[in-house]
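Me: Could you go through this structure with me? I'd like to take it a piece at a time.

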Amino acid sequence: MQYFLANEQATLKLGKHLAEACPDTLCIIYLEGELGAGKTTLTRGFLRTLGHEGNVKSPTYTLVEHYQLADRAIFHFDLYRLSDSGELEFLGLDDYFRDNAVCILEWAQRGSEYLPDPDILVQLDYHDHARKATIETKSRLGEQICAKLHK
């Protein structure tokens, strides 16, 4: 599935639609793309849809930000500054990838050998002065989410 994202509002809207389509089970979303391609903006749209009203920043230095929204935990990872994927062993990953959490990972390819496979992969690319999002399903859950995006 491809989406043309003309501006920041369109990227926020795609995040909104993803949040609305996510069921109440563990969901893993990988976000890939160059620096500034809109990964954190998409995450902001996702979080705001679920009720987060505060700031959403890329967890570049902390590696992960936790948002508790109602009865759902959202974990936003940014692995850009990860120098060795082995560092993930010390994060206690099992504590994040559980129950009905949503795990959104920027730069997941930097730690992929320690991470569970995604349900959805969102590739964000520059397209002229805008962006293009390509969504690939990687699991049955991902297929269910993308089916809801078509509605």
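Me: Where is Trp-107 found?

Reply: Trp-107 is found in the loop between strand 5 and strand 6, the latter covering residues 120–127; bear in mind throughout that this is a predicted model.

Me: And is Trp-107 buried or exposed?

Reply: Trp-107 counts as buried, because its relative accessibility is 11% and the cut-off for that class is under 20%.

Me: What about the backbone there, what phi does Trp-107 have?

Reply: Trp-107 has a positive phi of about 60°, although it is not a glycine. As background, most residues other than glycine have a negative phi.

Me: Which phi does Ala-70 have, then?

Reply: Ala-70 also has a positive phi, of about 55°, and it too is not a glycine. Ala-70 sits in the loop between strand 3 and strand 4, and it is classed as exposed because its relative accessible area is 78%, where exposed means over 50%.

Me: Switching to confidence: what is the mean pLDDT of the chain?

Reply: The mean pLDDT of the chain is 90, with 99% of the residues reaching 70 or more. Confidence is lowest in strand 3 (residues 64–69), where the mean is 92, and highest in strand 2 (residues 27–33), where the mean is 96.

Me: OK, charges next. Which residues gather in a patch of negative charge on the surface?

Reply: The patch of negative charge on the surface brings together Asp-84, Glu-87, Glu-89 and Glu-113.

Me: Where does Asp-84 lie?

Reply: Asp-84 lies in the loop that runs between strand 4 (72–78) and strand 5 (102–106). Asp-84 counts as partly exposed because its relative accessibility is 48%, which falls between the 20% and 50% cut-offs.

Me: How many Å apart in space are Lys-132 and Gly-38?

Reply: Lys-132 and Gly-38 are 9.7 Å apart in space, taken from C-alpha to C-alpha, while in sequence they are 94 residues apart.

Definitions and conventions:
Residues numbered from 1 in each chain as written. Predicted model: local features only at pLDDT ≥ 70, side-chain atom pairs only at ≥ 80, totals over all residues. Heavy atoms only, no water. Patch = residues over 30% accessible without salt bridge, like charges linked within 9 Å, V, L, I, M, F, W, Y side chains within 5 Å. Areas by Shrake-Rupley, 256 points an atom, 1.4 Å probe, with all protein chains shown as cover. Salt bridge = Lys/Arg side-chain N within 4 Å of Asp/Glu carboxyl O. Lys, Arg positive; Asp, Glu negative; His and termini not counted. Charge placed at Lys NZ, Arg CZ, Asp CG, Glu CD. Helix = DSSP H or I, 4+ residues; strand = E, 2+ residues; numbered from the N terminus. Buried < 20%, exposed > 50% of the residue type's maximum accessible area, 1.4 Å probe, protein only. pLDDT = per-residue confidence, 0-100.
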